[in-house]
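Me: I am new to this structure and would like to understand the terms used for it. Could you take me through them with care?

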Amino acid sequence: MVLDIHATPSIPANPRTTTPGKVSYVLGGVARNVAECISKLGAKPFMISALGLDMPGNLLLEHWKSSGLSTEGIWKHQNIETPVVCNVLDVSGELAAAVASVEAIEKFLTPEWIQQFKYNIRSAPVLMIDANLNLSALKASCQLAAECKIPVWFEPVSVVKSRRISSVVKYVTFASPNEDELVAMANNLSGGNVYCPIERNNSRKKCSTETLFHMLKSAVWVLLEKGIKIVVVTVGSDGVFLCSRGGPSLKQYASNGELFNTVTASCPSNLFSSPPDSERSSFLFAVHFPALPASVVRLTGAGDCLVGGTIASICAGLDVMQSLAVGIAASKAAVEAETNVPSVFNLAAIADDARSVYSAAKVVFHQSMP
């Protein structure tokens, strides 16, 4: 749980001087954003975190309480300095630079604190962890989930922290890297610098989604070979790749609530058939979901709402394809809002946008890997 300070210039900024613009406080933190999104889509997240008794901590805690969510898992103490991240955006809303003061997460979110909520973890449909946690806390969380076969969603947070995947990869069911985090994770898991980030130049804009995925598929395969079941790769305005071995068939939960009913009315399940189990282990299956056109205000909450929308949908009983379409729709709503998570989601609009994404999804790779 983090307080974000967003600095948005009104004109292109020049180095080594001040620039006119707007500075605002925004409630943030990857896991907090994901949890708020889940909550606003009808599920009840249980948050395990740590906050100080300072101004940022009070802002975060009061908002959490006002949302009707449990604060039981949030450690409040005067010795904790609440995490703060200062984001400098460009005039288009893209992140230009940021400074993160999040040491309290690593210091106070200990295995001992997490262990106190083992029953909450063991009874959850999904455990979502972000890579701000230190290695021992990541491992403790995953081990608690593994005891009851609870699927784990690993959100990499940043290129540097994404490398923490190596300590918990055997427990992870879902991972949601962007392309740079994907490369860092693949290099870390393979023990070398084999994979290189995609060059962002004019040729990138002209390449097809099949060509783009071809540049990423070897890195994706590393994660799948290490046991991750579903890899969700975000590629900005190029959309999202949903990758798995053979096909994304996972356990579905009992259908539940308004989100399920609204989405299934427009998005039928089982969009693509999966191959026989005998073929699944050697086949890389990838589906491309396009991004939705949006009136961008800021992009800082987009990835978190994609994850939150997808997890909320999985918990509501939608399949992985339907769930990712909802996640992309939630992401669109986020980039059009002033806050990291929109104040409210219009489920009818989410379902309409999900239908647009879902109907445009296409298989870009389904071949045996060497």
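**Salt bridges and the contact between domains**

Reply: The structure holds eight salt bridges, a salt bridge being a side-chain nitrogen of Lys or Arg within 4 Å of a carboxyl oxygen of Asp or Glu. This is a predicted model, in which local features need pLDDT of at least 70 and side-chain atom pairs count only at pLDDT 80 or more, while totals for chains, interfaces and linings use all residues. Residues are numbered from 1 along each chain as its sequence is written, and side-chain values use heavy atoms, with hydrogens and water left out.

Me: What makes Lys40 and Glu36 a salt bridge?

Reply: Their side chains come to 2.6 Å, N to O, and the limit is 4 Å, so the pair is called a salt bridge. Both residues lie in helix α1, four residues apart, which is about one turn of the helix; helices here are DSSP runs (H or I, at least four residues), strands are runs of E of at least two, and both are numbered from the N terminus.

Me: Why is Glu36 called buried, and why is Lys40 called partly exposed?

Reply: Buried means under 20% relative accessible area, exposed means over 50%, and partly exposed lies in between (1.4 Å probe, protein chains only). Glu36 has a relative accessible area of 7% and therefore counts as buried, whereas Lys40, at 27%, counts as partly exposed.

Me: Which residues are linked with Glu36 in a network of salt bridges?

Reply: Arg32, Glu36 and Lys40 are linked in such a network. Glu36 also forms a salt bridge with Arg32, where the closest N and O atoms are 2.7 Å apart.

Me: How is the protein divided into domains, and how many residues does the contact take from each?

Reply: Domain 1 covers 1-32 + 45-108 and domain 2 covers 33-44 + 109-198 + 206-368, the bounds coming from an automatic or database domain assignment. The contact, meaning heavy atoms within 4.5 Å, takes 36 residues from domain 1 and 34 residues from domain 2.

Me: How much area do domain 1 and domain 2 bury between them?

Reply: They bury about 2700 Å², 56% of it on carbon and sulfur atoms, where buried area is the accessible area (1.4 Å probe) that two parts lose on being put together, summed over both. Val30, Pro45 and Glu106 supply 25% of the area that domain 1 buries against domain 2, more than any other three residues. The count between domain 1 and domain 2 is two salt bridges.
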